[in-house]
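Dear colleague,

I am handing over the structure that I have been going through, and my notes on it follow below. Please keep it open while you read, so that you can look for each place as it comes up.

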Amino acid sequence: MTRSDPMQQTLYKRILKTGLTGHNPAKAEQGYVLFSPMNNINQTLLINMAGETVHVWQHDTNVGIYGRLTETGNLFLGAKIMTNMDLFQIWPAFKGGEIREVSPSGEVLWRHVDPGHHHDQRPMPHGGCLYMSLEEVPEDMAPQIRGGHPPPDGKTKMYADVLVEVNAQGERIWEWRAIEHLSPADDDIELSEPRWEWSHGNTITPIDDERVLVSFRAIHTIGIIEKATGKWLWKYRDPRMGGQHDPQWLPNGNILVYDNGTQRRHMGVFPHSRVFEINPTTNEVVWQYTDAFPFAFYSPQVSGAQRLPGGNTLICEGLRGRMFQVTPEGEVVWEYVNPHFDENIFGFDSNMVFRALFYTPDDVPFV
């Protein structure tokens, strides 16, 4: 039998129903969803609520690891540059290396190269970018950082995040270094994480000119940083939130978070993910979504969530390539599973999606 034979495909691919699997037009908010499969098709796709692809960006390299639309309808994304690949075992999975702004026709309008760039990048009003990079932790500091376990690849160097802002000319105009603002004693690494990285940032988003919202997966921390001083204005650490992604600042001042739940298996709880909304003034969880059967909603890696204009929430269960929309009451009213399988950077047959984003028709004038 050949690999094209259905019985030679992965079990997951054989049994999975892909494409549009459900849509309640009366309750689902109508628009478009943008996503980039984390594999070698090297594409960013825009689909409508019928699950039809209405626009495709074809890239000359892997997406590193997602893109979003600017206010003018261009695609702002990370590109995976195939150099500097061997820092540690999982580094190729989430590295970028180049940030690009691409027109709907595919023309690259702006580039910024940083070999340490990874995970996230946000366009700024001044024409530049806010993004995540990394640097090596000093040899004398690394042993002081508590937690984690020895890396399986035997690498001894540890890395930590650097938050960076550049102007339109690519010049650094602001940076925040984890090695200067995290505490080796207090910001311990989750026990399930290898000691390749101290912080493993996966999200940076500007709240306004003075503040940024960040997520550091390996130390189960989200928070708000004051750019002028580098100080934490709010810091939320909870091991039960292990592996979290994509905190988003909501208009009501609360924060929406995808809680992967990777630590629950160490706490005697069924592994499961949830999406929750937290009030940063009181640290009260004011809304959450979980599945009635815990295992049915679980992505130990990647993933995200977005509050939509009408109050629904778009959720990306990234490991399964599943994107779905829920009402405030938790009813699933739209669901789509990425049908685009291909080999990823490690050779696995994958339909994973790091992040999916919803756009209204006014946001996509090129469609």
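The side chain of Ser299 is in polar contact with the side chain of Ser303, at 3.0 Å, and a polar atom of the Ser299 side chain also lies 3.0 Å from the backbone nitrogen of Leu319. Please bear in mind that this is a predicted model, and that these distances are computed from it. Ser299 sits in the loop that runs between strand E22 (284-289) and strand E23 (304-307). Is Ser299 buried or exposed? Ser299 counts as buried because its relative accessible area is 0%, where the cut-off for buried is under 20%. Setting aside residues up to four places away in sequence, Ser299 touches Tyr258, Asn260, Ser273, Glu317, Gly318 and Leu319.

One of those residues, Glu317, leads on to strand E24 (residues 313-317), in which five of the five residues are buried. Both faces of E24 are covered, with Thr313, Ile315 and Glu317 buried on one side and Leu314 and Cys316 buried on the other.

E23 and E24 run antiparallel and are joined by four bridges, with Gly304 standing opposite Cys316 in E24; in their hairpin, which has five residues between the strands, Gly311 takes a positive phi near 110°. E24 also pairs with strand E25 (residues 322-326), in the antiparallel sense and over five bridges, and here Ile315 stands opposite Phe324 in E25. The hairpin of E24 and E25 has four residues between the strands, and Gly321 in the turn has a positive phi of about 65°.

Strand E21 (residues 274-279) and E22 run antiparallel and are joined by five bridges, with Phe276 opposite Gln288 in E22. Four residues lie between these two strands, and Asn283 in this hairpin takes a positive phi near 60°.

Elsewhere there is an open sheet of four strands, whose order is E4-E3-E2-E29 and whose pairing is antiparallel. Its edge strands, each of which pairs on one side only, are strand E4 (53-58) and strand E29 (357-359), and the twist from one strand to the next averages 20°. Within this sheet, strand E2 (residues 32-35) pairs with E29 over three bridges, and Val33 stands opposite Phe358 in E29.

Another residue to look up is Val102, which lies in strand E7 (residues 97-102) and counts as buried at 5% relative accessibility. Leaving aside neighbours within four places in sequence, Val102 is in contact with Trp57, Asn74, Leu75, Leu77, Glu107 and Val108.

Finally, for the chain as a whole, there are three helices and 29 strands. Its radius of gyration is 20 Å, close to the 21 Å that the globule rule gives for 367 residues, so the chain is as compact as a globular protein of that length. Of the 367 residues, 57% count as buried. Among contacts between residues at least 6 apart in sequence, 54% join residues at least 24 apart.

With best wishes

How values were computed: Residues numbered from 1 in each chain as written. Predicted model: local features only at pLDDT ≥ 70, side-chain atom pairs only at ≥ 80, totals over all residues. Heavy atoms only, no water. Buried < 20%, exposed > 50% of the residue type's maximum accessible area, 1.4 Å probe, protein only. Polar contact = N/O pair within 3.5 Å; in protein donor to acceptor, adjacent residues only side chain to side chain. Contact = heavy atoms within 4.5 Å. Pairing = 2+ DSSP bridges. Axes fitted to C-alpha atoms, helices over the stretch in contact; angles between N-to-C directions. Rg over C-alpha atoms; globule rule 2.2 N^0.38 Å.
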